[in-house]
Amino acid sequence: MVPEDIASHLESLQVRFAELEKLLADPALYGNPEQSRKVSSEHRKLEKMFRDFAAWKKALADIDTNKEMIASEEDAEMRALAEEDLELQQKQAVELENAL
């Protein structure tokens with residue numbers, strides 16, 4: 001999956017997220033505890049999804065940066081550090097993509 005595929009889906013969810021934020025700002029919502037819980041829960045899920053997406057995009061960018069560093073770095077120690085970081089970023093990217 002590529003960030004653009006997920007981004008287009010998330011854009012549509014941002015409209016719903018904005019609606020939820022308006023609902024949460026309305027004191028009348030809290031007069032109905034069940035509705036308040038539903039709105040809060042949906043808001044939290046979307047908020048987590050947006051955070052995960054941002055972290056995933058950062059991990060993908062870090063992967064590219066590390067690959068460039070590995071290809072161009074002459075210092076073996078720096079290249080080894082970049083390889084370690086690359087491995088960690090790749091694992092994180094997979095975990096985040098699965099979460100999305």
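Visitor: Which residues does Gln 89 touch, not counting residues up to four places away in sequence?

Guide: Leaving aside residues up to four places away in sequence, Gln 89 touches Ala 59, Asp 62, Ile 63 and Asn 66, where contact means heavy atoms within 4.5 Å. The model is a predicted one, in which local features need pLDDT of at least 70 and side-chain atom pairs count only at pLDDT 80 or more, while totals for chains, interfaces and linings use all residues. Residues are numbered from 1 along each chain as its sequence is written, and side-chain values use heavy atoms, with hydrogens and water left out.

Gln 89 belongs to helix α3. Helices (H or I, at least four residues) and strands (E, at least two) are DSSP runs, numbered from the N terminus. Helix α3 covers residues 76-99, 24 residues in total, and its first and last C-alpha atoms are 35 Å apart, close to the 34 Å expected at 1.5 Å a residue; the expected span is 1.5 Å times one less than the number of residues.

Gln 89 counts as buried because its relative accessibility is 12%; buried means under 20% relative accessible area, exposed over 50%, and partly exposed in between (1.4 Å probe, protein chains only). The buried residues of α3 are Ala 82, Leu 86, Gln 89, Ala 93 and Leu 96, and they pack against α2, residues 33-72. An α-helix has 3.6 residues a turn, so residues three or four places apart point the same way.

Helix α3 also holds a charged pair. Lys 91 forms a salt bridge with Glu 87, with 3.5 Å between the closest N and O atoms; a salt bridge is a side-chain nitrogen of Lys or Arg within 4 Å of a carboxyl oxygen of Asp or Glu. The two residues are four apart in α3, about one turn of the helix. Both partners are partly exposed, because Lys 91 has 48% relative accessibility and Glu 87 has 44%.

Asp 52 and Lys 48 meet in a salt bridge of 2.6 Å, N to O, and are separated by about one helical turn because they lie four residues apart in α2. Asp 52 counts as buried at 12% relative accessibility, whereas Lys 48 is partly exposed at 41%.

A salt bridge connects Glu 42 with Arg 16, the closest N and O atoms being 2.9 Å apart. Glu 42 is partly exposed at 29% relative accessibility, and Arg 16 is partly exposed with a relative accessible area of 29%. Arg 16, Glu 19 and Glu 42 are linked in a network of salt bridges. The count by this rule comes to six salt bridges.
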